[in-house]
Every structure is written in structure tokens, then in C-alpha cells.
Amino acid sequence: MPRTSAIECPGCPPLRALTTDALGLIKVVEVHGNPGILKVVERWGQPDASSGVLAASYADDKIEPLLAVARKNGSVEILNSLNGESLCNTHTKQFGLSDTSRQDDHIVGLHLLKTKGINLSSRVATLLLCMENGNGCLKSIPMSGVLHDSDIGSQMSFNVCSAGKILCSSLAKSENFALFGGKGVEVNTWDLGNCTRIWTAKSPRPNSLGLSPPPWFTAASFLSEEDHRKIAAGTNNHQVRLYDTSAQRRPVMSVDYRETPIKAVCPDLHGYKVYVGNASGDLGSFDIRTGKLLGGFTGKCSGSIRSIRKHPELSVIASCGPGGNRHAQPSATQVHDYDSAGDNETVEDEVLPSARSSEASKMSKRSKTKKLDKEELPTSDNGQVYETKETNEIKKRRSKIARQEDEDDGIGDTATQSEVEDGEKSSEKHGKRLKPKKRKVSA
């Protein structure tokens, strides 16, 4: 008997996370105990579809941590992340970013500068904003409640692209560089000190047919805390691309992940991993040195994964997306231990449409058999069935349906007793019919 030992599983450590949704609510989610179960402990704001949160940024200040959110109606709000108190509320029209010719021009990039953008003594915060049309700005605003046009501080504006649609952005840890990408817009990096573009990616080499897909980036992030020249980006055609701006403009590595667009990219800033989430709720990790898929994480959201965050100290990552959890968790946010991701991924038991159709056909055949069984055959007083044309037709239909059921169940082509009897009778008749007649031969 082998010796065994029990290992205590501490479960998920106590965590607290902030999530936002399309109704404008900010939810405080906590997880405790073993197994870790997510629970919404607080909700800030009132549900309103017009004020849905499109982008959020968190500044982890030790004295007063702040949370900035950009809403669908164009407002930008700064809150105290400890109690949800609103410290500042402004609008993109005051920044001159909104395009009046476009009704769907929303904020897609919002970053609250941490290291040098927050001055609690003077109550001033610095924001980096970018709209879908490519208009961006770097602004310092005072946190004194509702702002007026005269309250807007220093401003530096720039235009990321002249055509296309911006879909993703990221800010380097040094907060001196930013990157942008989108539909019809190649990934490009900017120097925020001068508000100038310093690098633009180039499309991959054409395939054997001489075709190259148009740029369509849905997620992007810097890979290293110290080096802003390493970039990871996800595309709409389910590719994960790695760029080195100091080496070349084309991607140094490109790998495919599943079959749906990449919606979130999160680097392991202290290692050599990158975590990606796609539109079908899959979450996996790649080795950025070799491009090998290290493994996938169990559990899936019913929709897509829109955000991935790694804990700065613990070996834990969190992912969230729209809708509920397929495994009936109380929230769409999931917490994973990234050291537990293996090469083998779980496959859920799902009934395919073909299986459902075959099962339905079997049920219909069985109902037909029951219906035929209920048909009464004409019998004599002693219980013997009359051999008529109608009875023979019923027997043939019964034998045909029984043979089809046996084939569907995998039994094979086995003849029933009624078929054998019918075959013997037909063979006797056939033999009698083919038997040569005797002829008299005269002497």
C-alpha cells in the first residue's frame, strides 16, 4: 500500500475587486474562504443604461486610492475607491474631444496617472483620454465636485489616427508612453512628454496568395515594467502578436488562440507570461519567449472576457466579462490561481445539435412503433391472425421500423422473427413458381 499524505488547500486568499457594468453601476466584489466564492458586498450608483461604464482606471495610492470611470453619455467621474464618494465629475465636451458629426463617438481609453498625476494637497488629477475617432488629450483637472469650463487645467491634445476606429489603448508603468490600436489602425506608441508618435507597427508579410489582412486590433498592453519597447496585442482574427519596437516594425512572433477575437491581454510583469481572453470566454497563458500555449484555466463566462488583472504580489489573476457565469457563480468575475494552469484543458459535457436531432428521430420512430403495436389485427376465434393484405402491410411496417431502431442503436442488420417467417413464405412461393413442370414423354 503506498504511503499517502493529505495536503491542506488554503483556497483563495481574501481579495477585494472593483467591477463596472453597462448600467453604470460600480460593484465591490470580495472573496473569502475555501473554496473562494465571489460576493458583491457594495453597489455604487443607480442603474441607467445611458451612463454605462465604457472604461475605468484605478490609481492605487496608499493614502487615498482613486477610481476614474468614463461613461457612455460622455461624462468622466473620479471617485474614492474606498467608499464610492464622487470627487469630480466632468464631460468630454469641456475637453473639446467629442465629434458632433458622430453619434457613436465614445471614450475607449481612460488612464488616471498615478506617479505624478495626483496631487492631494492641491486636489488635482491628470487624465489621459482617447475617443473612438482618434482624438486624445492629457489633462489636469481639480477634484472639486462638478467642474466648469474655467476649472479645466493644463491640456495637451493630439490625434492618434485620421481614419479608422480606436478600440484599445494602454499606458506604460513609467507613464511616459502610451499605445493605441483599433480597426483600420495599426498599433502605435506615443511619447506623452511631447505628444508625438514614435513608432508604428507594420502589417505581417503577405501569405502565399499575396494577401494581408487589414489591421484590426482589439486588445494591447506593454509587456515589461522597465522596457516600453515590448508590446503584446490581440487581433480580431484570434491572433496574439508580440512586438519589439527596437528590433522591427513587424511582429516578432504571432500565434493563434482558439477561433474567436482576442478581447483582453494582460502581461505577467515579473515573468515571461502573457494572459489572453477571447470572445467565447476562454482564458489561457502563453510563454512570450517561445510562443507556446502553457495552458488554459477552468471555468468560463457566458459571454466574452473583457478584462484581466493580475495581483501585484499573489499568484492570482482575475477575469470578468458581461453576463453571468456558466458554472452558476454569483458574479461574472472569476479568480484563478495561475500556477494551476496545466497543458490539459477541461471539456464540458455539451449536447451537440446533431446528437439532439438523432435523439429526436429515435423518439419519433419509437412513437411510430408504439402506434403500430396498438393496431389490432383481424383474428379468428382461436386467436389466429388472418393472412390478409392489410395484416401483411402492418407486419412489414413493424419490421422496417424495428430494423431502423436496431441500426441506430448499433446492433446491426439483424432480421426479426417476422421477417424470417415472411422470407420463408416468400421463398416457398418463389420456389413453387420456379419449379419446372413435368412433361409426359411418349414411348
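User: What is the average pLDDT of the protein, and how many residues score at least 70?

Analyst: The protein averages a pLDDT of 77. A score of at least 70 is reached by 66% of the residues. pLDDT is the predictor's confidence in each residue, on a scale from 0 to 100. This is a predicted model, so local features need pLDDT of at least 70 and side-chain atom pairs count only at 80 or more, while totals for chains, interfaces and linings use all residues. Residues are numbered from 1 along each chain as its sequence is written, and side-chain values use heavy atoms, with hydrogens and water left out.

User: Where does pLDDT stay under 50?

Analyst: Residues 1-9 are one such stretch, with one contact beyond four places in sequence. Contact means heavy atoms within 4.5 Å. Residues 324-332 are also below 50, yet this stretch has 21 contacts beyond near neighbours in sequence. Where pLDDT is low, the predicted coordinates should not be read in detail.

User: Why does Phe 180 count as buried?

Analyst: Buried means under 20% relative accessible area, exposed over 50%, and partly exposed in between (1.4 Å probe, protein chains only). Phe 180 has 1% relative accessibility, so it counts as buried. Phe 180 sits in strand 15, residues 177-183. Strands (E, at least two residues) are DSSP runs, numbered from the N terminus. Beyond four places in sequence, its contacts include Phe 158, Cys 168 and Trp 190. The C-alpha atoms of Phe 180 and Cys 168 are 5.9 Å apart, although 12 residues separate them along the chain.

User: What makes strand 24 and strand 25 a pair?

Analyst: Two strands pair if DSSP finds at least two bridges between them. Three bridges join strand 24 (residues 283-287) to strand 25, and the two run antiparallel. In one of these bridges, Ser 285 is partnered with Gly 295 of strand 25.

User: How many residues has the largest nonpolar core, and what is a nonpolar core?

Analyst: A nonpolar core is a set of buried Ala, Val, Leu, Ile, Met, Phe, Trp, Tyr and Cys residues joined through side-chain atoms within 4.5 Å. The largest has 21 residues, and Leu 129 is among those with the most contacts inside it. Strand 10 gives the largest share, four residues.
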